[in-house]
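Let's take a walk through this structure together. Have the sequence and the 3D view open, and we'll go from the overall build down to single residues.

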Amino acid sequence: MTFIQLDRLRAPAAETPEAPTTSGATGATLELQITGMHCASCVTRVEEALAAVPGVARASVNLATERAAVALARPVDAERLAEAVRAAGYGARAVSGPVADDAMERERAAELRLLQRRFLAAALLSVPVVLLGNFGMPPLLRGIPMAAQDWIQLAFATPVQLWAGWPFVSGSLLAIRRRTADMNLLVGLGTLTAYLYSVAATVAPDLVRGAGGEAHVYFDTAAVIVTLILLGRMLESRARASTSSAMRRLLDLRPRTARRVVDGVTAEVPLDQVQPGDVLLVRPGEKVPVDGVVLDGRSSVDASMLTGESLPVDVGAGDRVTGATLNQSGSFRMRAEHVGADSVLMQIVRLVQQAQGSKAEVARLADRVAAVFVPIVISIAIAAFVLWFDFGPAPRHTQALLKAVAVLIIACPCALGLATPTALIVGTGRGAELGVLIRGADALEAADGIATVVFDKTGTLTRGRPALTDVVPAAGVEEPRLLAVAASVEQRSEHPLAEAIVRGARERGVALAEPDDFSAVPGRGVVAVLQGRVVALGSPALLAEQGAALGTLDAERERLERAGRTVIAVAENGAALGLLAVADTIKPDAAATVAAMRRSGLEVWMITGDNARTAEAIAGEAGIGPDRVLSQVLPGEKSAKIAGLQQGGRRVAMVGDGINDAPALAQADLGIAMGGGTDIAMEASGITLVRGDLAGVPVALRLARRTMQVIRQNLFWAFIYNTLGIPVAAGVLYLFLRPGGPVGPLFGWQGTLHPMLASLAMALSSVSVVTSSLRLRGFR
Amino acid sequence: MDAVAPIVTVAGIALIAAVNLYFFARPRAVAAAAETGGAQEVRVRVRGGYDPATIEVEAGRPVRLLFLREETAGCSDTVLLPEWGIAQQLPAHVETAVTFTPARPGTYEFTCGMHMLRGSIVVK
């Protein structure tokens, strides 16, 4: 054994910042890495040394993980604690970061190593047992009597059963004591039956014969079953470890340290010591330690690890940066805002973790079956024994015994149990890598039958902010002059339309001047004096008041308004200079995404508060027909509109981003929240897209369907495996394939299954379920 | 058929009945929560199962379950409480706290990561 069992950790576990659903002791807890401990008494000594430090409430040391968790009554420097441990003769250093994960990793690795050792020992010791059991003594040793051969087998098979197979034996004892039947009980009963019968046949052959049995030994059966099932467990536990590799990669993204700037001095501190409000320095090539705002400096940041977005984003003062993203070219200072569990990365991790703990409707039957599985299998095994004993061919003792053992061994509740969670873990993990956060099994199930997808307009189909789309100068006016006049005046305005005009002018390289006088005419526009001339800018009505007629431009105005644009007329000294049109523009990938979704058979709708004309114009650009547009919908009515679409049993997905979308997201069968959206929208949705582009929507739907497909296949195979395997092991086929039966032997096979073959089938069944789930890792 | 067969048959039927009675009609170890610092606290040992497997708590007040996993083997390294969306890893030989507040009365299941080990929380 690698571990000395220690039941000594009395203190509640350390508060793990990455697991907000749990909480440990009140008060701070520090973690120390301890080295040089060999035994339980070392643990006591280290604990005592730590407890003697003033301010320590409790100290608990785990020998297996070599960690000390120290609960503090008041702040104590970690170095002080390490000093106390070193004074007691052990090594110590303060550690930060994901204690639980590291500990779990080591535990799993150690467990796997132990399993490998057990398997290897079982395999080696089984070889002589199998050879002796099937071929007898090698020629050189032929002189040794049969009885002695059985004793030799006993000598080799015993360590296989009682050391390598100890998990099954001890698990069985525990199951019997607890009255909870599990997998170990099946394997334990199966192998012990074969082993103990053989021991009896070896030690007291006359007694066995006297009871009507044959003094034949089945040490090879017991040893091979133990070996193969250990092999299966080893493979399964390896495969299981890789199911959560996506999650581990996410956690590994966290930097270990940050450079904190205090009074102009920069010092490297462990990440968990960073507090909101701290000023941090991020140098080129380093990871952004936590979520926050850039104070000064410029750089570009690669966020692909979090969002899948391949292009780096330029950041400067005032821009938000996300922890765990990679700073590329420049260095900058930032103010920490969200740390630990509040950070975007940990929210992602939490969402993925929670998905694993969600309820899957599809697995309900499997869960019910698994709960009653083991006692029922034991009953079938006993029934098989009785029937073979009463009606089977000779030698009936051993035939009956082998059938019962085969039934116990072939049954695999693990395959049923593993079918759903492994697929969930791999599917949601792969989703996280692609920027698709799936909240749980219910979201997967909801996504599966979606026929209709409703997009919110603003911020989802469109960029969510107006942009300058058209510049129509009057006859004899140059386009740059129209823009320069309009944008110069609009610089003073804070209206979103004004911002769009100024931004549009800057993007077109137009130089702006400062207006001398500026006044807003509420609801109409603005009037200003620019370089001595009176400029009016706003609705056509405002221009009429200024004595400027649109003339031939009026037809243009009508055309633009029909296209859903907001038209702004510009006049200078009473003469019309031209028209500007502003509109919320659709995202560049909107049309392609909608087309792809329609091709895959989805009905695509758009919902918006805009008037029908604007709405239909935008929808048209995205490739959504006017009959699929829900316009002039007040925020409070969105969920009612979704409910309307759901009538007649249609399953509807809603894609949105804002707080006002939350009721509609919750009403829909599946809510999909767009990246950068609000927390409330995320809470209300089954799927969250980290990235802002629409291409994530079809990816999310496909991934959900694929994951559900794998879950269904897994469950199907697990059920089929058990429903076919158990009767075959019980020997049902013998009724047909026995010599002289209705069918007769098939290629010499009489329809019975040796327990050794049963153990091979069982070992492969749970491995194959996990392997099937791992296919989702390759999803694109 | 001979004289032994009826004996084996009767013994087998009796054994089947005994096995099912033993595992299905077991008295559930029920633990009621103790009050600690405003939360209803229950210690649960994890070793080839959950002990106690049935936990009684009151609705509307926070519950803290302290899981102590006394094994390194098996699938017990994660405990799932689907009703509250909790998937918590349980390192061996340390107590791990899981906190939640049950809103409605009812019986809710908690299981290991592979849904093999089971326990239930009875909210009153």
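Predicted model: local features only at pLDDT ≥ 70, side-chain atom pairs only at ≥ 80, totals over all residues.

A residue counts as buried when its relative accessible area is under 20%.

How spread out is chain A? The radius of gyration is 36 Å, well over the 28 Å that the globule rule gives for 780 residues, so chain A is more spread out than a compact globule. Along the principal axes, its C-alpha atoms fill a box of roughly 125 × 80 × 45 Å. Now look at who touches whom: of the chain A contacts between residues at least 6 apart in sequence, 68% join residues at least 24 apart.

Next, zoom in on two helices of chain A, α15 (residues 441-448) and α26 (residues 696-730). Their axes come within 8 Å and cross at roughly 105°. An angle of 65 to 115 degrees counts as roughly perpendicular, so that is how α15(A) and α26(A) sit relative to each other. On the α15(A) side, the contact is made by A:L444, A:E445, A:A447 and A:D448. The α26(A) side brings A:L701, A:A704, A:R705, A:T707, A:M708 and A:R712. Sorted by class, that gives five nonpolar, one polar and four charged residues.

Finally, the cysteines. A disulfide is a covalent bond between the sulfur atoms of two cysteines. Searching the whole structure turns up zero disulfides over all chains. Are A:C412 and B:C112 buried or exposed? A:C412 counts as buried because its relative accessibility is 0%, and B:C112 is buried too, with a relative accessible area of 0%.

Conventions:
Residues numbered from 1 in each chain as written. Chains lettered and ligands numbered in written order. Heavy atoms only, no water. Axes fitted to C-alpha atoms, helices over the stretch in contact; angles between N-to-C directions. Helix = DSSP H or I, 4+ residues; strand = E, 2+ residues; numbered from the N terminus. Parallel < 35°, antiparallel > 145°, perpendicular 65-115°, else oblique. Contact = heavy atoms within 4.5 Å. Nonpolar A, V, L, I, M, F, W, Y, C, P; charged D, E, K, R; others polar. Disulfide = S-S within 2.5 Å. Buried < 20%, exposed > 50% of the residue type's maximum accessible area, 1.4 Å probe, protein only. Rg over C-alpha atoms; globule rule 2.2 N^0.38 Å.
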